[in-house]
Amino acid sequence: MESLQTTSIPSDQAPSMKHSKRGGWTTFPFIIGAVMGLTLAAGGGSANLIVFLVTVMNIKSINATQINNIVIGCYSLFPVAGAVIADSFFSSFYVVSVFAFVSLLGLIMLTLASTIHSLRPPTCVIGSLACEAPSKLQYAVLYLALALASLGVGGTRFTLSAMGADQFNKPNEQGTFFSWYFFTLYLASAISLTAIIYVQDSVSWGLGFGIGVVANAIGLAVFLLGKRFYCHTKPKGSPFVGIARVLVAAIRKRRKLETFQSQGYFHGDNTKAISSPTESLRFFNWAALRYEDDRKSDGSYSSSWWLCTVEEVEDLKTLIKIMPLWSSGILLSTTIAIINSLAVLQALTMDRHLGPHFKIPAGSFLVFSILATALSISIIDRFLLPMWKNLTRRSLKPLQQIGIGHVINIFAMVGSALVETRRLRVVRTHHLNGQPPGSVVPMSGLWLVVPLLVIGVGEAFHFPGQVALYYQEFPTSLRSTSTAMISLLIAIGYYLSTAIIDLVRRSTGWLPDNINDGRLDYVFWLLTAIAFVNFGYYLLCTKFFKYQNTENHESEASA
C-alpha cells in the first residue's frame, strides 16, 4: 500500500499537502484499504454464488441462476440508492460505515449457513431426485444474508469513490484517485475470482466465506481509523427535490411573463452566485424569476415550489446536458456484458487445459479481462498520462479518455468475431456439428484471452474517464450520485444484454443450445456494428457538450 501512495503523489503537490489539515493524500491509504477489503468481501460472497446455491443449498440450477442474476442486478442498482442517501441525508462517512457493517452481517450469515447443518439441507449428489430442498427457515436465512450483502455493497462501493475524490480539490488529483480506485477494485475482484473461489471449491465453503468476513472487518476498521484525517462534507438535503421544484416553478411561471413585471433573478443566500442564468435551455430560467407575489410578508424571498435559485436552475441544466453522454455508455456496457457471458459459453466447448493436470474453469476466463484493466490503469496513470501531458502541455480530458475506450472496445468486438470464426472452422473441420453439447473442440481456450485482454484495456480508459467526468461535471450536491451513475450503467447494460440475447435467439438461428451448431460469429459482428454506431452517437454528444466545472477547476489550479 505504501508503494501505491508513493507513486500516486505528484512531486509538485507535496507542498500543498503539508498545509492541509484534512483531506489530501493522507487519506488515500485508508480509503483504498477500505475499497480493497470491502471488494474482496463482496467478491467472496458473490463470485461463486451459483455453485454454492446448487451444491450446498440444493437449489435447482435454473432457480440458482435466477437468484444469482437478481443479486448481480442489486449489486449494480443499490449503489445508486446508497449515493442518493449520502448526498441527501447523511454524510458519506456515516453511510459507508453503516453499510460496511451491514455487509459484514450478511457475510457472517452466509458463513453460518455454509457451516451449520441446521441452516442448510443435507448434502446429496448434484442433480439427484432425492436431494432435499431447503426449508422455509433455511431459505429465509439465505435470502436475508444475500439482501444484507447486497445492501452493504450498495452503500459503500461508489459512495467510497465519491468520498475519496472529495479529499482533493484539483481535477488531476481526483483523476489520479479514480484511476487507483478502479485499479484496486479490479485487483480485488481478480483475487476473489481466483483465490477465494479456489478455497471455496477445494477446501471449504465456510473458510471461503470466512475470508470474506475477515476482509470486510479489516476494510471497515481501516476506514474508521482514517476518520480524523477525512475532509467531511455535509449533505444539504435531497437535491432531487430542488430539481423537481425547478420543473414545477418554470411551468407555473410560464404565463406570468405576459402579465407581470419580474423583479430580477433569485439567488438565495449565495452571494457569489452568477448574476443571471445561462441562455441555454431558457425555459427553466423562469423558475428563478422573482415576482411581487413571491415576496413573503416580511419582504424576503425563499426557495419554494414557486421560486428557485439560479444555482438550482443551472444544476438542472447541467444534468440535462450531460445525460446524452451518460446514455452513450449504456450500449458500451451492454456489448461488454454480452461478450463476457458468451465467452464463458465458448470456453465450455474448448480445450482449457494448461499442462496435463490443470484445467482452467470456464468462469475464470473473465479474470484475464479484469487483470488487463487493473494493469492498464496503472500504466495509463503512471506513464501514458504524464507522457501525454509532457508532449501536449495539456492533460488528457475525460471525454478523450472515454473516446479511446470506445475505439478499443470496437477492436475487441472484431477480435471476438474473428476468434469465433476460427472456432467454427475447427468445428466443421472435425465434423462436430450435430454432436452432443459436451463435445470438446480441439482448439485452445487461450484464444479467448486476446479479445478479453483488449476489452480490459478499453475499460481502463472509459470507466475511470466516465467516473471523473460525472464527478467533475455533476452539480456539487450530486457528487456521490454522479459516481454511482457508472453502477447504473452496468445494471442497465446487464439487463439489456439479456434482452438482446433473448431477441437474437428468438428471431434468428444464431444461438441454439449447442453453439457449435449456431453462428455466434454473426452475433459478435452484430455487436461490432452496435459498438460502431454507438461510438458515432458518442461523438455527436461530445460535439454539443461543453465542459463547465472541469475547465473552471483547471483555470483555478493554473492560477
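Biologist: Which residues does leucine 160 touch, not counting residues up to four places away in sequence?

Modeller: Leucine 160 touches Ile31, Ala34, Val35, Leu38, Val96, Phe177 and Phe223. A contact here means heavy atoms within 4.5 Å. Keep in mind that this is a predicted model, where local features need pLDDT of at least 70, side-chain atom pairs count only at pLDDT 80 or more, and totals for chains, interfaces and linings use all residues. Residues are numbered from 1 along each chain as its sequence is written, and side-chain values use heavy atoms, with hydrogens and water left out.

Biologist: What is the mean pLDDT of the chain?

Modeller: The mean is 81, and 84% of the residues reach 70 or more; pLDDT is the predictor's confidence in each residue, from 0 to 100. Over residues 1–20, though, the pLDDT is below 50, and that stretch has 23 contacts in the model beyond near neighbours in sequence. Residues 551–559 also stay under 50, with seven contacts beyond four places in sequence.

Biologist: What makes a set of residues a nonpolar core?

Modeller: The members are buried Ala, Val, Leu, Ile, Met, Phe, Trp, Tyr and Cys residues joined through side-chain atoms within 4.5 Å. Buried means under 20% relative accessible area, exposed over 50%, and partly exposed in between, using a 1.4 Å probe and protein chains only. The largest such core has 107 residues, and Leu160, Phe177, Phe182, Phe223, Leu469 and Tyr470 touch the most other members. Helix α11 gives the most to this core, with 14 residues. Apart from it lies another core of 29 residues, including Leu119 and Val141.

Biologist: Why does the span of α11 agree with what a helix should give?

Modeller: Helices are DSSP runs (H or I, at least four residues), numbered from the N terminus. The expected span is 1.5 Å times one less than the number of residues. The 40 residues of α11 (residues 310–349) should therefore span 58 Å, and the end C-alpha atoms are 60 Å apart, which agrees.

Biologist: Where does α11 bend?

Modeller: At methionine 323, by about 35°, and proline 324 follows within four residues. The bend is the angle between axes fitted to the seven residues ending there and the seven starting there.

Biologist: What makes α11 "mostly covered"?

Modeller: Of its 40 residues, 29 are buried. Helix α6 is mostly covered too, with 17 of 24 residues buried. Across the chain, buried residues make up 51% of the 559.

Notes: Helix = DSSP H or I, 4+ residues; strand = E, 2+ residues; numbered from the N terminus.
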